[in-house]
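I opened the notebook to look up pockets and helices in this model. My entries follow in the order I made them.

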Amino acid sequence: EASPLDAVSRALEAAGQAIFTPARREFVIRRQAVISANPELQEREALKDGRITAAMAEALGHRGVAELEARVAAQLGALASRIALERWSQADSDEDFGAIARRALTEMRAIRAR
């Protein structure tokens, strides 16, 4: 059976295949620049991120994951997503967003293990 972080990793990979595609890369980069320059949009983006994180935790809860574990996994997933988006948008190559997100989660697991 997959761990909650494995499920989050699969969700991030799916987001990469649906949203963070090479064809949309320039759009995403421009969008992030606009959001970064506008405090109102930053607030709106933070609210959206919070709703996505809550939805991830709820989905994990429906899979039988304990509430605290689901919340922590969702928060780590949200952090991995933000890190992956930053790395993906700054990368010189067309590396897959999902691969970058998996690597971020792997790095987080390594930190936890220390």
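Predicted model: local features only at pLDDT ≥ 70, side-chain atom pairs only at ≥ 80, totals over all residues.

**Entry: second largest pocket**

I sorted the lining of the second largest pocket first. I got seven nonpolar residues, one polar and three charged. The space in this pocket is about 190 Å³. I listed the lining as S3, P4, L5, L68, E69, V72, A73, L76, M108, R109 and R112. The most comes from α4, with five residues.

**Entry: largest pocket**

I then turned to the largest pocket, which holds about 670 Å³ of space. I looked up its lining and found 26 residues. F20, E45, D49, S81 and L85 lie nearest the pocket centre. The elements giving two or more residues to the lining are α1 (4-18), α2 (25-36), α3 (39-62) and α4 (67-90). Which element gives the most? I found that α3 does, with eight residues. By class, I wrote down 14 nonpolar, five polar and seven charged residues.

**Entry: helix α3**

I checked the length of α3 next. The helix has 24 residues, so at 1.5 Å a residue it should span 34 Å. I read 35 Å between its end C-alpha atoms, which agrees.

I looked at both ends. At the N-terminal end, N38 is the cap of α3. A side-chain oxygen of N38 lies 3.0 Å from the backbone nitrogen of E40. After α3 comes G64, with a positive phi near 95°.

Which residues of α3 are buried? I noted E45, T53, M56, A57 and L60. E45 also turned up among the residues nearest the centre of the largest pocket. The cover over the buried residues of α3 includes α1, α2 and α4.

**Entry: A84**

Is A84 buried or exposed? I read 0% relative accessibility, and buried means under 20%, so A84 counts as buried.

I then asked what A84 is in contact with, leaving aside neighbours within four places in sequence. I found F97, I100 and A101. I checked I100 by distance. A84 and I100 are 16 residues apart in sequence, yet their C-alpha atoms are 5.4 Å apart in space.

Definitions and conventions: Residues numbered from 1 in each chain as written. Heavy atoms only, no water. 1 Å grid on protein atoms, 1.4 Å probe; cavity = no way out; pocket = protein on both sides within 12 Å on 5 of 7 lines; lining within 4 Å. Points joined across faces, edges and corners; volume = space filled by probe spheres on them. Helix = DSSP H or I, 4+ residues; strand = E, 2+ residues; numbered from the N terminus. Nonpolar A, V, L, I, M, F, W, Y, C, P; charged D, E, K, R; others polar. Expected span 1.5 Å × (residues − 1). Buried < 20%, exposed > 50% of the residue type's maximum accessible area, 1.4 Å probe, protein only. Contact = heavy atoms within 4.5 Å. Polar contact = N/O pair within 3.5 Å; in protein donor to acceptor, adjacent residues only side chain to side chain.
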